[in-house]
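Welcome, and please open the model in your viewer. We will go from stop to stop, with something to select at each one.

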There are 2 protein chains.
Amino acid sequence: MPTFRLDLGYDGSAFRGYARQQSVRTVQGELESALNRVLGHPVETSCAGRTDAGVHARGQVAAFTDDADIDPARLARSLNGLVGPEIVVTAVSVVDAGFDARFSAAWRAYRYQVLNAPSPDPLRRHVTWHVSDPLDLDAMNRAAAGFVGEHDFASFCRRAEARSTVRRVLEASWVRADDLAVFSVRATAFCHQMVRSLVGFCVDAGRGRVSPDTVSAVLAAGDRSAARPIAPPHGLILWEVGY
Amino acid sequence: MPTFRLDLGYDGSAFRGYARQQSVRTVQGELESALNRVLGHPVETSCAGRTDAGVHARGQVAAFTDDADIDPARLARSLNGLVGPEIVVTAVSVVDAGFDARFSAAWRAYRYQVLNAPSPDPLRRHVTWHVSDPLDLDAMNRAAAGFVGEHDFASFCRRAEARSTVRRVLEASWVRADDLAVFSVRATAFCHQMVRSLVGFCVDAGRGRVSPDTVSAVLAAGDRSAARPIAPPHGLILWEVGY
């Protein structure tokens with residue numbers, strides 16, 4: 001049976017998160033309902049990163065295994081006719097048996113966009129977090145550098161998880177582009193609300209409310225209360241997944 | 001009596017255009033209703049450019065004259081508490097008597113954003129026109145160069161206007177930024193749907209459907225039917241107004 005890989009983007013504002021839930025609109029729910037209509041029977045999909053309500057994606061990956069004899073390009077067109085314009089399937093391909101969108105992923109990359117300007121921007125209100133205070137990007141980059149490497153990120157995870165909260169962050173940095181401050185972070189995996197929690201810490205460092213040099217102490221505390229408020233979901237974009 | 005200048009931006013998707021109309025949501029309607037609440041009596045505003053439904057603004061200017069004794073910064077805060085998040089008042093200032101947002105304007109600048117990529121982008125669907133065909137930016141810039149100067153733009157105006165359709169275009173050019181093709185155009189004034197009509201022509205030139213060298217013939221025809229389909233409203237942003 002062929003395994004199909006779907007690459008997709010979506011506007012998270014339109015959904016109550018990625019993961020299917022009864023009686024609310026979710027990305028997985030819309031996608032599987034469209035697959036059901038196209039294939040004529042239900043399928044279950046895996047995905048690379050279950051984003052929270054309001055979080056967007058440019059490079060989400062979903063996959064399913066099915067005996068459907070359907071051309072990938074035609075499947076993409078049929079799905080786009082059903083799921084648009086809030087979701088777009090940018091590619092469909094047939095991949096090796098055993099490919100799993102979640103467990104085969106080697107890394108995930110996210111971006112977080114802060115609009116650092118005196119006034120909010122109505123045109124970018126769904127894709128940026130507006131912070132009017134001046135931000136010290138050097139301080140934010142010192143904080144970000146402290147995340148890189150393998151650490152126990154319990155202090156930056158929303159839930160106390162039964163499983164390990166040790167993660168390996170491969171890259172983390174801020175760049176300024178006009179009135180945007182953009183955080184790019186890549187890790188083998190993330191725990192729940194970790195990116196938004198890292199961003200909350202960095203922005204507090206950029207505002208001078210916390211020293212960026214406290215990152216290692218916060219990591220060592222292993223306790224959510226040692227961290228800072230988390231950033232809102234709508235500035236976050238699941239950018240790319242590596243396999 | 002002081003004259004107040006309001007600088008504002010808005011998400012045109014949320015409105016049926018700028019100009020006040022009975023029983024539909026418009027930018028002017030929301031703004032004047034907020035002014036009424038703050039000042040305690042109705043005022044009438046002028047504006048630099050009455051944008052159509054779906055068209056956005058970053059640098060719209062409105063103005064009114066009133067004997068209100070109110071601090072401009074406080075007026076901005078009060079208005080933003082009422083009109084956000086679809087509209088933002090970025091500045092309020094007291095200007096010379098006789099200032100009129102429309103008639104005092106020396107020029108208007110617009111931007112039009114084309115997403116030139118194989119797939120649409122759910123996150124930018126309200127602020128770009130998605131064109132998947134490859135676009136020849138050189139051809140588009142040759143067409144744009146033909147608009148510059150003083151011409152009768154009747155061929156690029158939606159309505160047959162009783163008044164003159166002669167306008168002076170000061171600048172017109174396309175630049176590529178990643179997957180965006182952005183048109184910047186500045187003129188003393190524009191006639192109705194002129195920018196979208198210029199963009200429609202340029203994109204047809206970029207697709208190879210019309211030669212950019214026909215611009216002068218189309219201008220000379222003085223007839224709407226000589227032009228090309230107009231571009232959709234949601235890629236258009238009123239960018240800046242000069243006084």
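Start by selecting Asp178(A). With a relative accessibility of 77%, Asp178(A) counts as exposed, a label given to residues over 50% relative accessible area, while buried means under 20% and partly exposed lies in between (1.4 Å probe, protein chains only). Asp178(A) sits in the loop between β8 (166–177) and β9 (180–187) of chain A; helices (H or I, at least four residues) and strands (E, at least two) are DSSP runs, numbered from the N terminus. Check the backbone here: phi of Asp178(A) is near 55°, a positive value in a residue other than glycine. Most residues other than glycine have a negative phi, and most peptide bonds are trans.

A word on what you are viewing: this is a predicted model, in which local features need pLDDT of at least 70, side-chain atom pairs count only at pLDDT 80 or more, and totals for chains, interfaces and linings use all residues. Residues are numbered from 1 along each chain as its sequence is written, chains are lettered from A and ligands numbered from 1 in the order in which they are written, and side-chain values use heavy atoms, with hydrogens and water left out.

Now jump to Asp178(B), in the loop between β8 (166–177) and β9 (180–187) of chain B. Phi of Asp178(B) is near 55°, again positive in a residue other than glycine, and Asp178(B) is exposed, at 76% relative accessible area.

**The two chains together**

Show both chains. The same surface serves both copies, as 100% of the contact residues of chain A recur in chain B; contact means heavy atoms within 4.5 Å.

How many residues does the contact take from each chain? Chain A gives 16 residues and chain B gives 16 residues. About 1,300 Å² is buried between chain A and chain B, with carbon and sulfur atoms giving 70% of that area. Buried area is the accessible area (1.4 Å probe) that two parts lose on being put together, summed over both. Colour Pro122(A), Leu123(A) and Arg125(A): in chain A, they lose the most area to chain B, together 45% of what that side buries.

Select residues 72–83 of chain B, helix α2. At 1.5 Å a residue, its twelve residues should span 16 Å, and the end C-alpha atoms are 16 Å apart, which agrees; the expected span is 1.5 Å times one less than the number of residues. Leu75(B), Ala76(B), Leu79(B) and Val83(B) are the buried residues of α2(B). They cover an arc of only 100° around the axis, which puts them on the same side of α2(B); the arc is that of the directions from the helix axis to the C-beta atoms. On the other side, Arg77(B) and Gly81(B) are exposed.

Move on to α1(B). The buried residues of α1(B) include Val27(B), Leu31(B), Leu35(B) and Leu39(B). Seen down the axis of α1(B), its buried residues fall within an arc of 160°, so they line one face of the helix. At the start of α1(B), a side-chain oxygen of Thr26(B) comes to within 3.0 Å of the backbone nitrogen of Gly29(B). Just after α1(B), Gly40(B) has a positive phi of about 85°.

**Last stops**

Select Gly84(B) and Pro85(B), which are joined by a cis peptide bond with omega about -5°. Pro85(B) lies in the loop between α2 and β4 of chain B. In chain A, a cis peptide bond joins Gly84(A) and Pro85(A), with omega about -5°.

Is Ser197(A) buried or exposed? At 0% relative accessibility, Ser197(A) counts as buried. Ser197(A) is in helix α4 (residues 194–206) of chain A, and beyond its neighbours within four places in sequence, its contacts include Phe156(A) and Ile230(A).

Technical notes:
Polar contact = N/O pair within 3.5 Å; in protein donor to acceptor, adjacent residues only side chain to side chain.
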